[in-house]
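Let's walk through this structure together, one meeting place at a time. Have the sequence and the 3D view at hand.

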Amino acid sequence: MVNKEFKLSEIAKLLDLSLEGDQDYKVCSINNLKQADKSDISFYYSKKFKKDLENTNAGAVILSKSDDLNTIKNKLFTDQVHLAYAKCSQLFMPKSVGFSRKDNVPVIHEGAIISPNSNIETNVKIEDGVVIKSGVYIGSGSIIKKNTLIHSNVSIYSNSVIGRDCILHSGAVIGSDGLGFAKNGKKWEKIIHHGNVEIGNSVEIGAGCTIDKASSGKTIINDGVKLDNQIHLAHNCFLGENTIIGANTSIAGSVKVGKSCMIGGLCGIVDNIEIVDEVIIHPMTFVTNNIKNKGVYSGGPVLMEHKDWLKKIAIERKKR
Amino acid sequence: MVNKEFKLSEIAKLLDLSLEGDQDYKVCSINNLKQADKSDISFYYSKKFKKDLENTNAGAVILSKSDDLNTIKNKLFTDQVHLAYAKCSQLFMPKSVGFSRKDNVPVIHEGAIISPNSNIETNVKIEDGVVIKSGVYIGSGSIIKKNTLIHSNVSIYSNSVIGRDCILHSGAVIGSDGLGFAKNGKKWEKIIHHGNVEIGNSVEIGAGCTIDKASSGKTIINDGVKLDNQIHLAHNCFLGENTIIGANTSIAGSVKVGKSCMIGGLCGIVDNIEIVDEVIIHPMTFVTNNIKNKGVYSGGPVLMEHKDWLKKIAIERKKR
Amino acid sequence: MVNKEFKLSEIAKLLDLSLEGDQDYKVCSINNLKQADKSDISFYYSKKFKKDLENTNAGAVILSKSDDLNTIKNKLFTDQVHLAYAKCSQLFMPKSVGFSRKDNVPVIHEGAIISPNSNIETNVKIEDGVVIKSGVYIGSGSIIKKNTLIHSNVSIYSNSVIGRDCILHSGAVIGSDGLGFAKNGKKWEKIIHHGNVEIGNSVEIGAGCTIDKASSGKTIINDGVKLDNQIHLAHNCFLGENTIIGANTSIAGSVKVGKSCMIGGLCGIVDNIEIVDEVIIHPMTFVTNNIKNKGVYSGGPVLMEHKDWLKKIAIERKKR
């Protein structure tokens, strides 16, 4: 699959942006400032990525006039960067990051077992010893490495990479789109997700987990991670080696969790949080700040008789 | 599918109710007081529906003797209205609300793409440009409108309506029964769900979401709504246009959310709540009251070191 | 399926344990102290199972030298009992507890309806009146009793027992592995799950629920239990008759819930908790202690305006 190419002048016209720089310069994909190279167009919409803007290798950047930097050669200006990013994401096809051959048929090792009613798309590679149960869907360009076991009714979107010796339990979804939308008046404009999911070796993914692909770049689950059931991991997250997480925990976008952490069930972690290595978090904790020190954290609500709870909330409300 | 018809005298006998009114009057379905017409039987079991009782067009009403109203002509009395409602719901077949033809085969537009291992039941209509991935189930009488994309292993129960330009991610379930049961001694009597789910245009439903059908009437998701993964929406809910909701949020029965709301992940909203337009709710908030004013709301528990949490709960418990 | 047999001397050698007792004694499966018989090897790693150790019928026990008991005849000593247990669990095949015949083909009653794209494995028994929708997977040795309805895309792992008159909604997963791992240096060693799930009669399991099999023994859901959508029930849990649970509630391992309880949605219950009969728990409650008395319990966080929440957390943090 060859990506479409656009001249910056074409993008400026299609998205109604004002262009400064080489109007014949061509880009063929969209990426974040950090990972972009000169064939990519990128975007800058939050001060927290200032450093990335200063150091980017992107061929062109969409940004606000007030954030202009001399070091950027090709610029497309708008007051609504997030919306322009969403529209721009719709111009390009996702990059194929997985296995690819000219004849497009999946390559399934003779030592792999594929059960009935599964559907393996084009350009998938399945290695020796892999077992795939029934009702599994594997999207194009994905790779399933040696000895991995995929239980029934798992859905794997295109371009996913699943390591060796993994177990994916039934109903798990790998590579669905993240909740990426930009406001366009009252409506929401979809940010097309160009990234993928990469899962290391010896990872276990519980039943009903949902792991979103990156909007650009990769959602990464490192070697030895163990996820209980019904965990949600949003786009662009990173889980360090041997981290283990309890059921129903929900992790928002671009969260980075260190190595050998233990996170309890039903925790919520807001977006863009960083958690260092070897942190222990008890169940039902709401993580709203970076956790910079190894240690044990909590926060769950206190069990009480209902009549005491009614008193408590009456007091809390009177206080205000 | 023609519904069974019952005389009120038959219902009174089958359900052991005392009848006041026309014993030969015939009803052919069950509905709530507000939406019922003269071919429906309805039920009244909570003071909060008093206004609906006074204004109902139902052909007959099941209610308690103490709630008797002169304006109702045909009445079936019992002390256990909720249980009688459950039993009555079991008499009738769900109304077919979707597309229906005499020959019963699904009608699939030649411009739609249906992947292998999907199962499209009778009387389904699939419009132009629809893409259905593998392992999808679509129950009888459902309609999938133009250009909608349904990812692998989605389950859609009968009589669902899915709008144009929607995306349903893998593992989502549309139209499952709500948690509707009436106490019958120690046991639970099932309330058969006669309603359906109707989803507007340009709606995105995240991976693993579950959207229950209405017990009677409709569960409604309006145009432009965007749901993250693993959201639960119970029977008879209503989501206003362009509302967006974060992952793992759980919304109980008959909740009405306004337009352009933004609700964070892992929130719980109890049943029968109303939330006005343009409300913002942070993640992990527990919504136990109507939200009558536009604004920003919170309530999530506070992150702390575990030793501080142990002190906090010791203090909270001593207080009582 | 005949289980592999091991002499204790072989196990001692394979797992690097020091053996005291009859080195030619043979065991063919692994089980907890309480349920083990003389053909089982068992393990002791927590004081809370002291009584079980004293009364066990296990043929041999893995334990720490410091926990040695004279009443145990055959002992395998190690400082890392949990890890040795994990490794030992990997030696044995799970016991077949379900229906089994010499010819191995599933036995499907002529009065059952099996939809297309379902996959029924060997040694499954499906009784009269059962309806199985499309995309369902049923693992070997499972039994589905009379008149049970299984909706599309349900996954049932091997050796599960599903009672009469049950309804399993789409996307539910029965019998996935629990989150069972023992630390082995930095890595996690998998505890192979030898148990199963047994579901009684007239049980309803909501869409997207995940019910883990027992690590050894049974995860049990008794007659008349009703589960809303997306509930997680971990390994070795027990739910008493006619208990009803709201959506998105997450129950950790070995929790025992009594009869006729009503538990709200989004609750978290930590492992090894016991809850007596007829307890009512409001939504979003965090249950960290046994509940020994019938009553009504709560604990959910309080809804407030976001500006008040910011004040509240500032105060809570200053206190410490």
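We begin where two chains pair up: strand β38 (residues 304–305) of chain A is joined by two bridges to β37(C), and the two run antiparallel. Strands count as paired if DSSP finds at least two bridges between them; strands (E, at least two residues) and helices (H or I, at least four) are DSSP runs, numbered from the N terminus. Within this pairing, A:Glu305 stands opposite C:Tyr297 of β37(C).

Before going further, a word on what you are viewing: this is a predicted model, in which local features need pLDDT of at least 70 and side-chain atom pairs count only at pLDDT 80 or more, while totals for chains, interfaces and linings use all residues. Residues are numbered from 1 along each chain as its sequence is written, and chains are lettered from A and ligands numbered from 1 in the order in which they are written.

Now widen the view to the whole meeting of these chains. Here 41 residues of chain C are in contact with 41 residues of chain A, contact being C-beta atoms, placed from the backbone, within 7 Å. On the chain C side, the elements giving two or more residues are β19 (173–176), β21 (187–190), β36 (286–287) and β37 (296–298). Of these, β37(C) gives the most, with three residues.

Key: Contact = placed C-beta atoms within 7 Å.
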